[in-house]
Amino acid sequence: MVKPDFLDQDPGAGSGDGNFAVYLGRLAQEKDLPTLLQACQKLPESLHLKVIGEGPMLQTVKDAAAADPRIEVMGWMEPAEA
């Protein structure tokens, strides 16, 4: 699902052939990142998670990425880069 409220134009859903999911947002407890990271453990080995953002839970996400190579921490990005 694409939530287009921060985009100039809604690009629509992708084709799904990239074999990854994306979290883009503030890395904070109220975003329920622990649930996302736990759910990632149940994903097929071929599906990766890219995490874009910064916040107080950055180290938690980095720790999860260190334990699971399917999680990639992208850090903060300019909107045009994301």
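I started with Asp68, whose side chain makes a polar contact with the side chain of Arg70 at 2.8 Å. By polar contact I mean a pair of N or O atoms within 3.5 Å; within protein, one must be able to donate a hydrogen and the other to accept it, and residues adjacent in sequence count only if both atoms are side-chain atoms.

A note on what I am looking at: this is a predicted model, where local features need pLDDT of at least 70, side-chain atom pairs count only at pLDDT 80 or more, and totals for chains, interfaces and linings use all residues. Residues are numbered from 1 along each chain as its sequence is written, and side-chain values use heavy atoms, with hydrogens and water left out.

**Asp68 and Arg70**

I looked up where Asp68 sits, and found the loop between α2 (58-67) and β3 (71-75). Arg70 belongs to the loop between α2 and β3 too. Helices (H or I, at least four residues) and strands (E, at least two) are DSSP runs, numbered from the N terminus.

Are these two buried or exposed? Asp68 has a relative accessible area of 12%, so it is buried. Arg70 is buried as well, at 7%. My cut-offs are under 20% relative accessible area for buried, over 50% for exposed, and partly exposed in between (1.4 Å probe, protein chains only).

Next I checked what else Arg70 meets. A polar atom of the Arg70 side chain lies 2.8 Å from the backbone oxygen of Leu43. Setting aside neighbours within four places in sequence, I listed Cys40, Gln41, Leu43, Pro44, Glu45, Leu47, His48 and Leu49 as contacts of Arg70. Contact here means heavy atoms within 4.5 Å.

**Pro34**

I then moved to Pro34, in helix α1 (residues 33-40). Pro34 is partly exposed, because its relative accessible area is 26%. Not counting residues up to four places away in sequence, Pro34 touches Gln29 and Met57. I also took the C-alpha separation of Pro34 and Val61, and got 8.7 Å for a pair 27 residues apart along the chain.

**The whole chain**

What pattern does the protein chain follow along the sequence? I read it as β-α-β-α-β, with 2 helices and 3 strands in total. Of the 82 residues, 23% are buried. Among contacts between residues at least 6 apart in sequence, 57% join residues at least 24 apart. The chain exposes about 6,000 Å², and carbon and sulfur atoms supply 52% of that; the areas come from the Shrake-Rupley method with a 1.4 Å probe, and for residues only the protein chains shown count as cover.
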